[in-house]
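Here are my notes for anyone opening this entry for the first time. Take a look at the picture, then read the points in order.

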Amino acid sequence: MSAPEAMYDVAMKPKLLRSLLREYVPDEKHPFTNPSELSYVVSAVKTHKLLSERTPPEAQQDLVDAWKSAVDSWVNRLLALASSNLPDKCWAGICLLGLTSQECSSERFLTSYDAWLNKLLVHIQPSEVSHFVKASSCASLSDMFTRLDDFSNVKKDATSLATKVTQQSLKLLNEENSSVVLEEAMCLLRTLIDFFPSAVHRHYDSVEAAIVSKLISGKCSPSVLKNLGHGLSLLPKSRGDEDSWSLMMNKILIYVNSQLNDAFQGLEEETRNAKAMRALLPAGKEPPPPLGGSEASEQSSDISTRNPERLLASRISSLLQCCSDMLTTPYPVMVHVPICGLLALAGRVLLVDGSLPLSSYSFMTTLKQEFVCSEIPNMQFQSLEILTAIVKGLGSQVLPYVAEIFELLKEYLSRCKIPGLKIKAYSMLKVLLISMGIGLAIHVSQTIVSNVFVDLDFIGIEKDVKSSGTNTKGPPELSKDFHYKKRKRSKVSLQEQPAQGGLEGEMSINSTPISVKIAALEALQALLTVGGSIRSESWRGDVDKLLMTVATYACRGGSKEERKILLSGDAMPTWADFQLAALRALLASLLSPGRVRPSHLALGLQLFRRGTQATDTQLAEYCGHALLALEVLIHPRSLPLLDFNSCGDGYKALGHLRDPVYPSGDRRIPNRQHDEPESEEDDLIENWHGKDDEMEIQVTETQDNMHCADKPMDPADGLTSGADKKNEVTTSENGLDNKSIEAAHFKTKSDQSRDMLESVELESSNGKAALVANSITPESGAASVSETAGNEFSTIFERISATLSNIDRSNETTFEADDEAEDIFPDIVDGDPDSD
Amino acid sequence: MEPEIIIASSPTDAGVSCWDLRTGAEHLRYKSCASPLHGLTSIAGRFLASSQVRDAKSSTSGSILYWSWNKSQVEVRSFPAEPIRPIACNNQGTYIAGGGISGDIYFWEVATGKLLKKWHAHYRAVTCLAFNDDQSLLISGAEDGCVRVWSLFLIFDAVRREETRNLFEYSFHEHSLRVTDVKTGYGGCNAIIVSASEDRTCKVWSLSRGKLLRNVVFPAVIDAISLDPGEHVFYAGGRDGKIHIAALNAPMSQNSNNGPYVLGSLAEHSKAVTCLASSADGFLLVSGSEDGMIRVWDTRTRNIIRIFRHAKGPVNNVMVTKQPQLLNPRTSASTASSRKQALTLPPSLEKFANAPDENTHVKVLIGGQDPSNGITDSSYVSVQAMEAQIRELQQKGSAAAAEVDVERLKNDQLRSVQMIQHWKTMYDDLHQFCVDELLEDVRTERPTHQNL
């Protein structure tokens with residue numbers, strides 16, 4: 001094999017695998033010191049597909065055998081490792097076995113999955129000590145079942161295995177407390193629910209009980225709780241019928257409601273509780289069995305822990321999250337979503353503010369109030385999640401309830417002070433606006449606008465921008481500031497920045513965090529996109545002004561104070577994100593048609609243009625896009641239309657300047673005549689066409705000229721094009737396609753302007769060149785171009801024609817002359833002697 | 001390109017016929033349908049629905065029928081409170097709006113058949129209905145010449161309804177006679193609405209401003225309009241048998257025999273054109289006529305490329321939709337089994353609205369009709385888990401990681417103990433050996449001393 005192909009050579013793969021096995025995979029004899037070597041092994045195996053055993057059909061038998069034996073020894077080593085009594089080696093073997101089950105060939109998988117599975121099954125017994133071994137066995141088992149799902153021919157066998165594994169993992173779930181193991185056990189169960197629902201089906205109730213008892217035990221870490229909640233939400237899928245879903249949903253909601261009763265006791269009016277209960281359970285209907293069976297319910301009522309409010313809150317949050325998961329994960333059949341119950345619960349949580357009604361002082365210890373208040377934000381976040389999930393899950397069917405959801409959100413926005421929740425509420429607004437469209441936007445715009453105005457601190461920013469304007473911090477500073485932004489990102493200390501920061505910092509110490517501002521801008525952008533021009537007279541002007549101000553402010557870099565806050569956290573949005581959000585909203589405001597041409601168009605364009613200079617950032621990319629989008633606003637156009645009389649392909653007609661159907665370009669003539677207004681009511685379109693026509697006329701004229709020039713040329717046309725072709729062919733051999741084609745085109749054009757060339761065309765190229773040169777000079781004079789320009793043209797023409805004449809004889813000269821021609825070519829087009 | 005089908009029905013009991021737009025092959029013919037104008041729709045491609053107005057004598061009752069794609073018999077019959085003429089369905093197929101002859105608009109939820117809302121929209125019978133492009137507005141035209149735009153959000157918002165003076169967003173009164181058709185285009189709130197009327201005009205309205213943008217006068221009454229998808233022009237089918245082409249954005253020619261904005265016409269029909277539909281790419285226009293024929297035109301060449309014969313009587317509804325999966329025998333077997341609910345039609349539409357319930361449920365298919373949503377994206381997890389564990393091991397932070405370390409250390413210790421034992425025995429051996437040697441030496445030395 002040749003050296004450069006070695007990397008892709010199939011023969012290399014068994015060798016590579018063996019060397020991996022020798023060097024990096026631990027064995028029984030030597031101690032296993034560096035676990036990170038395993039990830040190298042994994043990446044090597046995955047990149048080179050070392051376990052695939054996929055040989056090209058022409059490969060020789062010994063290669064196939066070599067690879068097979070290499071994989072054999074790999075598998076044997078792993079199995080040996082997996083039986084090792086040292087936990088780290090055992091763990092390594094199990095992890096790599098998981099990898100093998102996804103990477104190996106189908107034949108190998110089918111013949112050995114049974115053995116591997118049993119090997120792994122041993123390690124998820126409760127007798128196993130190491131948590132890592134248990135966890136990785138679960139993960140590897142999960143992969144094995146994921147792979148097994150691809151083979152329908154072993155479905156039956158796989159299902160019986162899955163049943164066995166379900167029992168085992170259920171045992172793990174019940175007895176284990178380590179979060180590593182619980183997480184992976186849940187993951188395994190989820191895989192089983194997804195692929196082998198019938199295996200889980202048999203243990204439905206016990207799985208439910210196990211998950212719920214873990215969920216409400218209060219002993220799990222947040223990530224495990226999330227995992228458990230997700231698992232619970234998937235559980236009805238194992239039955240896959242309408243009733244299981246609804247039952248699960250109802251059980252959860254009723255449970256959450258009763259927990260809320262405990263948590264909010266004394267913090268809200270009693271009527272809300274009753275109202276929520278009525279929404280959940282119609283009068284006279286049997287309540288469903290308690291969530292997780294009776295055992296779990298006993299456990300839940302036993303709140304003897306040190307911090308019961310904390311426990312209540314974590315239960316409520318994870319169950320609410322489970323509800324949102326249920327609403328958003330696809331389910332095979334139609335289900336009845338208890339929309340009123342969901343809304344009642346979400347409303348109950350969202351409208352609690354932790355304050356005590358006077359009447360209930362006696363029931364409530366202040367300690368409890370403190371605890372509940374500290375947990376409320378978390379619950380409210382989940383409630384907002386539920387609202388989002390409702391909108392997402394119900395799709396258009398949420399329509400009858402949108403008003404209620406919006407009222408809830410409006411109420412909540414007016415109360416909410418916590419940034420994270422405010423962001424969530426704004427993003428929820430955005431979702432609502434986009435999914436519910438104009439119909440909603442018309443009626444809710446005022447609410448959104450007034451909220452956004454408060455959060456963006458319009459007055460503060462405006463003052464800031466204005467003051468800086470007088471401080472000679474005008475637009476020229478802008479571009480500097482973009483560079484400054486880049487410096488900031490590369491962690492240059494803030495002190496380097498001149499006094500600007502200090503001055504402004506005093507002026508506006510803004511209370512709203514940047515992340516909230518971004519969310520507010522996004523909501524405003526959605527509003528402008530959906531309903532920016534319908535019944536927007538009352539707010540549109542203010543919003544446009546606001547967005548222009550905010551964008552200017554953002555691009556100038558804001559105040560030092562704000563930036564400081566930003567640099568503290570990692571996941572926090574950066575100033576660049578704020579700039580981007582401001583510019584996005586600005587573009588929406590510029591594009592969304594209003595009554596008049598946007599007054600801030602020029603300033604906006606300036607911002608975008610400056611933005612493009614921040615090379616290689618998202619900002620520059622977006623500004624480029626914005627400029628493209630705005631270009632249409634500056635040059636309104638209606639593209640040449642498909643012609644109703646033309647029988648040719650539309651695209652061809654657009655592509656060619658010389659229209660075969662309208663050789664004389666007569667279709668533009670009516671256009672020009674149409675300039676007089678047709679009817680008074682059609683102002684919008686009239687304006688449009690007024691502009692269009694001007695543009696079209698210009699285009700038309702040049703085209704007309706060309707067409708006119710065409711006509712007398714007709715008899716020689718074929719010949720000319722023949723000559724052109726010849727030129728093109730000869731020059732393109734030199735790799736000069738573009739230039740030479742341009743030159744050739746140019747030549748045709750100049751040819752066309754003269755009748756006298758018709759016959760000469762056929763004669764020797766020397767003679768032709770002379771003729772072209774002669775003919776051009778008077779022409780350029782007549783075109784009343786300035787004298788020098790004329791001279792220049794004539795010389796260029798001479799050169800070009802000389803070039804053309806020389807083409808056949810010497811290719812080198814072509815090269816030089818063409819180069820020059822290309823440099824000056826644009827000038828020639830502009831000063832085309834034919835135009836006017 | 002996805003295959004499209006033409007669906008057509010007529011006021012006489014000729015059923016619903018169905019052809020492939022490109023190949024011309026005829027599919028099933030759905031039986032016993034006598035639809036009024038705008039009374040035929042496909043519910044998001046899942047099944048067919050049509051309102052029925054049989055004849056004058058039973059004008060107090062009408063019905064709405066459902067057909068599933070693979071059966072020619074009517075499957076579900078609903079009997080609304082009054083005869084419904086036009087029906088319209090939103091994109092997702094979740095709602096059906098119906099216009100009653102009393103001027104009421106009925107709004108049903110498809111999945112449950114619940115009558116969600118009914119409101120008095122017009123003084124005379126509703127003649128046509130259309131959803132706008134984001135499905136949040138409903139546009140209706142009526143016999144009284146009025147075109148109205150309704151925000152569905154407002155319709156369902158009890159509080160705001162009280163506050164506002166009018167339930168409608170816009171009410172356009174410029175038509176002097178019955179409105180025959182209304183269509184709307186793309187562009188969100190900047191979209192245009194085009195309405196046709198028996199007063200021989202079509203009017204173009206701006207949705208954002210609520211104003212008349214253009215008034216196009218035709219030589220005949222226009223019964224049907226169809227917007228070109230790119231909205232350069234719209235087509236208007238007239239009672240003179242011509243399909244007139246009117247400019248929206250197209251450059252206009254000042255042709256003396258056409259009125260302003262009228263660019264030309266497609267003419268072949270001998271009788272009135274009653275309905276129009278456009279293919280997705282806009283290159284084909286389908287027209288139905290009173291002579292019972294359906295013609296497919298190439299809009300670029302203005303030639304007829306296909307003619308279908310629906311019935312002896314007039315055709316009054318044509319539609320072009322994407323070919324539903326169930327219609328195609330090859331794919332139906334595989335998809336039908338996986339998505340059961342596609343086969344079973346929803347219950348019939350209710351006659352009366354129920355009182356608002358405190359614990360209403362919404363029947364919904366989570367994940368939507370889109371089969372691609374149903375695919376759970378599963379992934380392999382073991383490598384990820386392993387990486388996480390490696391990280392933990394390296395940080396030596398968690399109990400589990402410590403445990404592995406402990407095990408390893410225990411093992412090391414064991415080995416070391418063994419080693420010590422080993423060395424000890426070796427040492428002992430050596431010691432013994434040395435002692436023996438020494439003693440041996442001493443023993444042998446002593447005689448030599450003695451010898452000395």
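The points below go from confidence, through the interface between the chains, to individual residues.

1. **What kind of model this is.** Please keep in mind that you are looking at a predicted model. Its overall scores are an ipTM of 0.83 and a pTM of 0.75. For chain B, the average pLDDT is 82, and 85% of the residues score at least 70.

2. **Where to read with care.** Where pLDDT is low, the predicted coordinates should not be read in detail.

3. **Chain B as a whole.** How many helices and strands does chain B have? Its secondary structure comes to six helices and 28 strands. Chain B has 452 residues, and buried residues make up 54% of them. If you take the contacts in chain B between residues at least 6 apart in sequence, 46% join residues at least 24 apart.

4. **How the two chains meet.** The size of an interface is often given as the accessible area lost when the parts come together. Between chain A and chain B the buried area is about 8300 Å², and carbon and sulfur atoms give 60% of that.

5. **Polar links across the interface.** Two salt bridges are found across the interface of chain A and chain B. The side chains of Arg160(B) and Glu407(A) form a salt bridge, with an N to O distance of 3.4 Å. There are also 13 residue pairs in polar contact between chain A and chain B, counting pairs with both residues at pLDDT 80 or more.

6. Side chains of opposite charge can pair when their charged atoms come close. Over all chains, the structure holds 28 salt bridges. One of them joins the side chains of Arg108(A) and Asp72(A), at 2.8 Å from N to O. This pair links distant parts of the chain, with Arg108(A) in helix 5 (residues 106-123) of chain A and Asp72(A) in helix 3 (residues 61-82) of chain A, 36 residues apart. Are these two residues buried or partly exposed? Arg108(A) counts as buried at 11% relative accessibility, whereas Asp72(A) counts as partly exposed at 27%. Both belong to a network of salt bridges that also links Glu53(A) and Lys68(A).

7. **Salt bridges between loops of chain B.** Arg124(B) and Glu143(B) meet through their side chains in a salt bridge of 3.1 Å, N to O. Arg124(B) is in the loop between strand 10 (115-120) and strand 11 (126-131) of chain B, and Glu143(B) is in the loop between strand 12 (137-142) and strand 13 (147-151) of chain B, so the pair ties together parts 19 residues apart in sequence. Arg124(B) is partly exposed, with a relative accessible area of 45%.

8. Arg239(B) is partly exposed at 38% relative accessibility, and Glu198(B) is partly exposed at 22%.

9. **A buried leucine.** Leu527(A) sits in helix 24 (residues 514-531) of chain A and counts as buried at 0% relative accessibility. Beyond four places in sequence, Leu527(A) touches several residues, including Leu433(A), Ile448(A), Val449(A) and Trp539(A).

10. **Cysteines.** A search of the whole structure finds zero disulfides over all chains. For Cys95(A), the nearest cysteine sulfur belongs to Cys90(A) and is 9.6 Å away. Cys95(A) is buried, at 3% relative accessibility, while Cys434(B) is partly exposed, at 38%.

Definitions and conventions:
Residues are numbered from 1 along each chain as its sequence is written. Chains are lettered from A and ligands numbered from 1 in the order in which they are written. Side-chain values use heavy atoms; hydrogens and water are left out. A disulfide is a pair of cysteine sulfur atoms within 2.5 Å. Buried means under 20% relative accessible area, exposed over 50%, partly exposed in between (1.4 Å probe, protein chains only). pLDDT is the predictor's confidence in each residue, from 0 to 100. Buried area is the accessible area (1.4 Å probe) that two parts lose on being put together, summed over both. A salt bridge is a side-chain nitrogen of Lys or Arg within 4 Å of a carboxyl oxygen of Asp or Glu. A polar contact is a pair of N or O atoms within 3.5 Å; within protein, one must be able to donate a hydrogen and the other to accept it, and residues adjacent in sequence count only if both atoms are side-chain atoms. Helices (H or I, at least four residues) and strands (E, at least two) are DSSP runs, numbered from the N terminus. Contact means heavy atoms within 4.5 Å.
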